[in-house]
Amino acid sequence: MNKTKSFPKDFLWGGAIAANQAEGAYLEDGKGLSTADLMPYGLMKGIQENSTDLNLYHEAVDFYHHYKEDIAMFAEMGFKVFRTSIAWSRIFPKGDELIPNEKGLEFYDNLFDELLTYGIEPIVTISHFETPWHLVKENGGWKNRKTIDHYIRYCETIFTRYKDKVKYWIGFNEINNIHTIPTAGGGILIEENENRLQAIYQASHHMFVASALATKLCQEIITDAKMGAMLSLSGVYPNTCHPDDVFETYELRRRSLFFSDVLLRGTYPSYINRIWDKHGVQVKMEGNDLELIKKHTADYLGFSYYRSTTHKAGTPILGHTGGITGTPNPFLESTSWGWQIDSKGLRYVCNELYDRYQKPLFIIENGMGTNDEIVNGEINDDYRIDYIKVHLKEMKEAIDDGVELMGYTYWGPIDIVSAGTGELKKRYGFIYVDRDNEGKGTFKRLKKKSFNWYKKVIETNGADL
Ligand code: BG6
């Protein structure tokens with residue numbers, strides 16, 4: 001058989017951002033507070049409700065007012081798709097209202113129209129680390145079953161409004177991150193004496209039911225829509241070949257894959273019972289929950305992949321998604337933020353997921369965040385080009401391995417605020433934004449060297465790497 005090593009003709013090239021990390025205008029046109037608005041140091045440090053410290057999310061990179069200029073630049077690079085999220089609290093400021101905020105809806109109408117003018121298809125994340133704060137604080141967020149109703153009302157509103165504009169949807173960003181960052185990832189606050197896993201798995205169950213109902217609704221309202229599940233799935237290897245390291249790493253991986261097992265296969269996997277028993281977890285389910293979950297599975301699996309790490313049996317697991325902590329891999333180099341670069345790991349994960357589900361995969365986040373320096377008015381970010389290049393080469397290998405890949409949306413095609421740490425110095429963009437960690441700068445945009453490089457990648461459908 002001929003080795004093709006090429007991307008499919010209809011491969012969806014583009015970029016991805018999230019509303020809270022880019023838009024700014026955090027209280028403009030009736031928007032309510034979301035969890036992200038209260039995390040000045042990013043989602044790892046979490047909610048600082050009464051803090052008066054500088055919060056870069058509040059103005060972010062002012063995409064709310066610059067989106068036309070930015071989209072024109074994405075179009076110049078040849079984007080076929082652009083992934084962003086709708087800020088839930090722009091549409092329902094507190095989350096539990098019955099009537100949506102028209103101004104918020106108008107903003108996304110304009111944004112999607114602008115994309116479509118250039119032939120760029122929007123991919124929309126319905127909830128990306130930005131649950132309305134009122135829902136979380138006053139209603140218990142996803143721990144409360146009523147949140148399903150609020151979410152579905154929100155979904156129905158946006159599906160109906162944007163049915164002619166948006167075909168690709170994603171229910172929740174990195175749903176498995178509820179383990180690592182429960183407030184950002186799952187819109188819940190864990191109380192001091194609460195059984196953490198009970199709260200996490202109950203909230204997850206509500207999110208699974210909500211996902212099933214949203215998928216059903218989406219397909220009813222938008223006949224050619226595709227609803228994706230989305231996980232954080234950087235790689236994790238056993239630190240040694242000691243069977244304890246190997247098996248514990250397997251279990252660690254399964255904690256993430258549990259989410260895609262439910263969302264793609266439509267059933268709770270048998271291995272979860274032992275974990276629930278061990279931790280005294282009793283998930284309350286109602287009526288036809290399991291039937292709904294079984295019937296309305298996701299159409300594709302989107303995932304983020306940035307890095308890999310290794311796991312040693314018995315070491316604490318803070319992040320379980322392969323990279324937040326872990327034991328460094330001596331064979332890999334790291335970015336200046338300590339993220340280990342592992343392009344082959346991406347091929348590994350693509351194969352792992354495709355073998356498991358045989359559903360189309362979408363790499364909807366991958367990128368290199370680092371500080372860029374302007375020298376004589378230019379940013380020569382060869383390191384970023386190198387990072388992407390090696391990952392794209394491994395994607396080609398994965399395609400040759402038989403993996404069905406729908407597309408690639410590079411994370412942060414324009415500099416945005418970091419989710420993890422709330423800073424602006426950790427830049428991912430092909431487009432530099434003049435805004436720094438002190439909140440200073442003009443918001444002026446500047447193309448980096450990687451801009452024209454990525455443009456060429458798209459032009460040649462990845463043939464010229
Ligand atoms: C993913 C998130 O986990 O990683 C994004 O979906 C985030 O929101 C991205 O920005 C990169 O992380 P960071 O901390 O470098 O912004």
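Me: Two strands count as paired if DSSP finds at least two bridges between them. With that settled, which residue in strand 10 is the bridge partner of L12?

Reply: The partner of L12 in strand 10 is G407. This is a predicted model, in which local features need pLDDT of at least 70 and side-chain atom pairs count only at pLDDT 80 or more, while totals for chains, interfaces and linings use all residues. Residues are numbered from 1 along each chain as its sequence is written. Strands (E, at least two residues) and helices (H or I, at least four) are DSSP runs numbered from the N terminus.

Me: How many bridges join strand 1 to strand 10?

Reply: Strand 1 (residues 12–16) and strand 10 (residues 405–411) run parallel and are joined by 5 bridges.

Me: And which strands close into the barrel?

Reply: The barrel has 8 strands, in the order 1-2-3-4-5-7-9-10, with parallel pairing. On average, neighbouring strands of this sheet are turned by 25° against each other, direction ignored.

Me: Where does helix 13 lie?

Reply: Helix 13 lies across strand 9 (361–365) and strand 10, and runs at about 170° to strand 10. Such angles run from 0 to 180 degrees between N-to-C directions, and axes are lines fitted to C-alpha atoms, for helices over the stretch in contact. Contact requires C-beta atoms, placed from the backbone, within 7 Å of each other.

Me: At what angle do helix 13 and helix 14 pack?

Reply: Helix 13 (residues 382–400) packs with helix 14 (residues 449–459) at about 25°, their axes being 9 Å apart. Helix 13 is therefore roughly parallel to helix 14, a label for angles under 35 degrees. Contact residues are D382, R384, I385 and L392 of helix 13 with K449, S450, W453 and V457 of helix 14.

Me: What about helix 6 and helix 8: how far apart are their axes?

Reply: The axes of helix 6 (residues 146–161) and helix 8 (residues 196–221) are 10 Å apart, at an angle of about 25°. Helix 6 is therefore roughly parallel to helix 8. Their contact includes Y151 and F159 of helix 6 and L213 and L217 of helix 8.

Me: Changing topic, which residues come nearest the ligand?

Reply: S304, G369, S418, A419 and G420 come nearest, out of 15 residues around the ligand. A residue belongs there if its C-beta atom, placed from the backbone, lies within 6 Å.

Methods
Angles under 35 degrees count as roughly parallel, over 145 as roughly antiparallel, 65 to 115 as roughly perpendicular and the rest as oblique. Two residues are in contact if their C-beta atoms, placed from the backbone, lie within 7 Å.
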